[in-house]
Amino acid sequence: MITTSEILDTVRMIDQQHLDVRTITMGISLLDCIDASQHAACQKIYEKITRYAGRLVATGEDIEREYGIPIVNKRISVTPMALVAGASDARDYVPFAVAMEKAAKATGVNFIGGFSALVQKGITPGDRKLIQSIPEALAQTERVCASVNVGSTKAGINMDAVAMMGRIIKDCAQRTGDRGGFGCAKLVVFCNAVEDNPFMAGAFHGVGEGDCVINVGVSGPGVVHHALQSVKGMPFDVVAETIKKTAFRVTRMGQLVAQEASRRLGVPFGIVDLSLAPTPAIGDSVGRILEEMGLEVCGAHGTTAALALLNDAVKKGGVMASSHVGGLSGAFIPVSEDEGMIAAVERGALTLDKLEAMTCVCSVGLDMVAVPGDTSADTISAILADEAAIGMVNSKTTAVRIIPAPGKQVGDTVEFGGLLGAAPVMPVRPFSSHAFVTRGGRIPAPMQSLKN
Amino acid sequence: MRAIVTVLGKDDIGILSFITALLAEQKVSVLDISQTIMREYFTMVMLVDCAKIEQPFDALAAYAQAEGEKRSLSVHIQREDLFHAMHRI
């Protein structure tokens with residue numbers, strides 16, 4: 001029999017510490033929707049997504065009510081659209097994004113990911129069309145998310161793609177300028193993108209995946225923060241053990257939900273993504289966990305070490321709790337979506353440079369950072385290149401989701417609302433990277449031995 | 001199907017009878033009860049069997065929660081396997 005205190009622990013985690021399953025994401029392969037006719041391909045895409053995911057939202061809600069666990073998002077990821085649309089006669093790929101949007105609305109999911117291209121080594125004509133369609137596609141749709149993989153440890157960094165993405169991000173911001181550059185919040189530039197990530201905006205269904213799969217992303221910064229409050233002043237060994245135990249419980253809940261969703265939908269279970277994903281709500285912040293470890297404010301010296309410990313302990317605790325772990329698995333540090341990080345930026349404690357250092361030791365990268373609207377495309381490309389280099393050399397996923405908010409200056413705040421939160425505009429370095437970015441070509445893949 | 005009922009709230013006369021009456025009316029059978037007062041808060045955990053309930057489980061959970069709120073009580077009914085998953089290897 002489970003003890004009363006264990007039961008009350010769980011109830012408190014859910015009621016007071018924001019424990020939730022962040023997302024159930026159904027990955028759907030669209031490779032069998034390829035067609036020479038754009039119209040026919042879009043038709044097949046809409047039909048397949050709605051057929052497979054028709055019961056996704058209702059099933060998620062059933063599980064939510066029976067177990068009393070909030071399941072915040074139900075989402076869909078699809079095959080990178082550049083691969084699906086590449087065979088078609090389409091001049092641009094905006095209609096494919098519109099088909100995704102229609103399917104997302106029909107199934108009731110709040111985001112659909114996979115308007116994506118994988119160009120770490122080279123760019124096909126289909127990839128190019130997709131990338132050039134991104135600004136218009138994201139301006140015309142609400143729920144479609146785009147991502148582009150520009151580098152990998154095995155291929156190096158495609159600097160032509162990096163240069164292109166700087167301009168695309170600027171264009172995205174301009175076209176959604178009336179909404180603070182909201183389009184950029186739905187666009188991720190990756191290095192070492194993973195094929196089974198359930199989290200938006202970077203989710204897509206990789207070509208190595210099956211026809212349909214259920215991936216689950218767990219969360220729980222509030223639970224970890226609360227657990228650490230009971231070990232104040234104790235050595236880091238105790239801190240790490242406490243995080244591991246908490247992560248284990250959180251992940252077991254995710255595994256249960258994943259298996260249940262997989263069984264009810266008749267779709268194979270893919271992975272649980274062990275991530276600490278914050279929200280803008282008070283008490284659901286990764287920044288505050290780092291502060292609980294003894295830092296006056298997130299961004300103080302010591303932040304990188306604290307984050308390294310947190311990220312590693314979450315994985316160690318979670319790995320045994322799930323039969324298959326995958327996705328991004330680590331702590332996220334999206335500035336606008338984390339109440340503690342927002343406060344740290346506003347105090348001047350957390351800068352882009354410090355965030356970049358933090359991305360060396362945690363999941364993903366510079367996420368949901370707003371920079372001044374007049375930041376040049378070259379500077380954005382250079383930021384992308386720096387972040388991709390960290391991922392490439394360290395054999396990890398890094399990503400950039402940056403918003404050059406039109407008309408905004410340092411000191412302003414961009415409001416996105418909901419889970420996307422509010423981003424204080426952060427300063428960038430004022431020096432030019434123009435000649436660096438315009439060289440083009442590829443940065444060769446790094447050595448994997450002689451590591452120092 | 002077995003479920004765990006948790007009831008939390010300020011202590012008052014008749015909470016136990018209120019909850020058991022509510023469960024009986026819904027044809028929920030009580031298997032085990034543990035109840036205590038922590039500071040001035042009433043805390044009760046019950047293991048129940050929902051095999052004979054006539055409405056869907058999620059509707060029962062929503063009903064119990066709504067009825068509890070009328071008396072300023074937090075009432076949750078959750079499937080038992082959640083707690084096993086989280087606390088047992």
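The legends below describe views of chain B in a predicted model.

**View 1. Chain B has three helices and four strands.**
Read from the N terminus, the elements of chain B follow the order β-α-β-β-α-β-α. The radius of gyration of chain B is 13 Å, close to the 12 Å that the globule rule gives for 89 residues, so chain B is as compact as a globular protein of that length. Along the principal axes, the C-alpha atoms of chain B fill a box of roughly 35 × 30 × 20 Å.

**View 2. Burial and contacts in chain B.**
Chain B has 89 residues, and 33% of them count as buried. Among the contacts in chain B with a separation of 6 or more, 64% are made by residues 24 or more positions apart.

**View 3. Four strands of chain B form an open sheet.**
The strand order is 2-3-1-4, and the pairing is antiparallel. Strand 2 (29–38) and strand 4 (73–79) of chain B are the edge strands, since each pairs on one side only. From one strand to the next, the twist averages 15°.

**View 4. Strand 1 and strand 4 of chain B run antiparallel.**
Strand 1 covers residues 2–10 of chain B, and seven bridges join it to strand 4 of chain B. Opposite B:Val7 stands B:Val75, a residue of strand 4 of chain B.

**View 5. Helix 2 of chain B lies across strand 1 and strand 4 of chain B.**
Helix 2 is made of residues 57–70 of chain B. The angle at which helix 2 runs to strand 4 of chain B is about 165°.

Technical notes. Residues numbered from 1 in each chain as written. Chains lettered and ligands numbered in written order. Predicted model: local features only at pLDDT ≥ 70, side-chain atom pairs only at ≥ 80, totals over all residues. Helix = DSSP H or I, 4+ residues; strand = E, 2+ residues; numbered from the N terminus. Rg over C-alpha atoms; globule rule 2.2 N^0.38 Å. Buried ≥ 20, exposed ≤ 12 C-beta atoms within 10 Å, placed from the backbone. Contact = placed C-beta atoms within 7 Å. Pairing = 2+ DSSP bridges. Axes fitted to C-alpha atoms, helices over the stretch in contact; angles between N-to-C directions.
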